[in-house]
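Let's take a walk through a structure together, one step at a time. Please keep the sequence and the 3D view at hand as you read.

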Amino acid sequence: MIELEIYDVSLENLRDIARIIANNLNGYRFIFLNGNLGTGKTTFVKYFCENFGIKPEDVSSPTFTVVNVYSDLKTIYHIDLYRLNDIEELFYVLEGQLEDEEGIFLIEWSNIFPEYFTEKGIEIELKHKSNDKRDLIIKVPEENQKLINELRRCKNGRKSETKI
Ligand SMILES: Nc1ncnc2c1ncn2[C@@H]1O[C@H](COP(=O)(O)OP(=O)(O)OP(=O)(O)O)[C@@H](O)[C@H]1O
Ligand SMILES: [Mg+2]
């Protein structure tokens, strides 16, 4: 995996980053979103979904529903594990949809149940920096070189990179 850290990400930068990731999935179906409350996981999902014809106002936090499904150019499963006590509940609600090879799964708080999400994906950790800025750590499988290059080139200024 290549770990890219992108510093001082504004809302506008986050929107660009979401667009770049949405356009360069290259077959990866899972995006793991972690970071404290209010760091922007759901905001990322809104920006991501725009790229598949889904209106931002149709995207809402699935904190209580566990899964929201949005469907336009792609079917997107928006999952939030924060309030989930029992992972079986998720599999019950998903009714086998994890087998949807065409679907995209965005999972907030995946780090609560790490052992259940073993398929390789793109991991994003958001860290609160100031009221309107976040630091992002994005882990991308090395095979997805195109995404790595696009993120390297993205408008946002200060970045660092590590191979892990
Ligand atoms: N640079 C930024 N990146 C992301 N969010 C930002 C930024 N600046 C301000 N915000 C604001 O921070 C809030 C982030 O809320 P959001 O619901 O997306 O967080 P979350 O990580 O999904 O929280 P939760 O863990 O409760 O689900 C939004 O109101 C958003 O507008
Ligand atoms: Mg959220």
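What follows is a short tour from the ligand to the core and then out to a few single residues. Keep in mind along the way that this is a predicted model.

Which residues come nearest to ligand 1? Of the 18 residues around it, those are Gly40, Lys41, Thr42, Thr43 and Asp132. Among the contributors, H2 has the largest share, with 3 residues. Sorted by class, the shell has 8 polar, 5 nonpolar and 5 charged residues.

Let's look at H1 first. This helix has 13 residues, and from its first C-alpha to its last it reaches 18 Å, close to the 18 Å expected at 1.5 Å a residue. Which residues of H1 are buried? They are Leu14, Ile17, Ala18 and Ile21. Because these residues cover an arc of only 100° around the axis, they sit on the same side of H1. There is a simple piece of helix geometry behind such patterns: an α-helix has 3.6 residues a turn, so residues three or four places apart point the same way. If you turn to the other side of H1, you will find Glu12 and Asn23, which are exposed. And what covers the buried residues of H1? The cover includes strand S1 (2-9), H2, strand S6 (122-130), S7 and helix H4 (145-153).

H2 deserves a visit of its own. Here 7 of the 10 residues are buried, so that the helix is mostly covered. The buried residues are Lys41, Phe44, Val45, Lys46, Tyr47, Phe48 and Cys49.

In soluble globular proteins, nonpolar side chains tend to be buried together. In this model, the largest nonpolar core has 34 residues, and the members that touch the most others are Phe44, Phe48, Leu106, Ile107 and Ile124. The element that gives the most to this core is H2, with 5 residues. Apart from its neighbours within four places in sequence, Phe48 is in contact with Ala18, Ile21, Ala22 and Leu106. Of these, Ala18 and Ile21 are among the buried residues of H1.

Valine 93 is found in helix H3 (residues 87-94). Is valine 93 buried or partly exposed? It counts as partly exposed because it has 14 C-beta neighbours inside 10 Å, while a buried residue needs 20 or more. Not counting residues up to four places away in sequence, valine 93 touches Val66 and Val67. Threonine 65 is 28 residues away from valine 93 in sequence, yet the two are 9.0 Å apart in space, C-alpha to C-alpha.

Phenylalanine 113 lies in the loop between S5 and S6. With 14 C-beta neighbours inside 10 Å, phenylalanine 113 also counts as partly exposed. Leaving aside its neighbours within four places in sequence, its contacts are Leu81 and Ile87. Between the C-alpha atoms of phenylalanine 113 and glutamate 50, which are 63 residues apart along the chain, the separation is 28 Å.

The loop between S5 and S6 also holds tryptophan 109. Although tryptophan 109 is not a glycine, it has a positive phi of about 60°. It is partly exposed, because 19 other C-beta atoms lie within 10 Å. Asparagine 26, in the loop between H1 and S2, is not a glycine either, and its phi is positive too, at about 50°. Asparagine 26 has 13 other C-beta atoms within 10 Å, so it is partly exposed.

Our last stop is glutamate 143, in the loop between S7 and H4. With 13 other C-beta atoms within 10 Å, glutamate 143 is partly exposed. Its C-alpha atom is separated by 11 Å from that of lysine 120, which is 23 residues apart from it along the chain.

Definitions and conventions:
Residues are numbered from 1 along each chain as its sequence is written. Chains are lettered from A and ligands numbered from 1 in the order in which they are written. This is a predicted model: local features need pLDDT of at least 70, side-chain atom pairs count only at pLDDT 80 or more; totals for chains, interfaces and linings use all residues. A residue is near a molecule or strand if its C-beta atom, placed from the backbone, lies within 6 Å of it. Helices (H or I, at least four residues) and strands (E, at least two) are DSSP runs, numbered from the N terminus. Ala, Val, Leu, Ile, Met, Phe, Trp, Tyr, Cys and Pro count as nonpolar, Asp, Glu, Lys and Arg as charged, and the others, Gly among them, as polar. The expected span of a helix is 1.5 Å times one less than its number of residues. A residue is buried if 20 or more other C-beta atoms lie within 10 Å of its own, exposed if 12 or fewer, and partly exposed in between; C-beta atoms are placed from the backbone. The arc is that of the directions from the helix axis to the C-beta atoms. Two residues are in contact if their C-beta atoms, placed from the backbone, lie within 7 Å. A nonpolar core is a set of buried Ala, Val, Leu, Ile, Met, Phe, Trp, Tyr and Cys residues joined through C-beta atoms within 7 Å.
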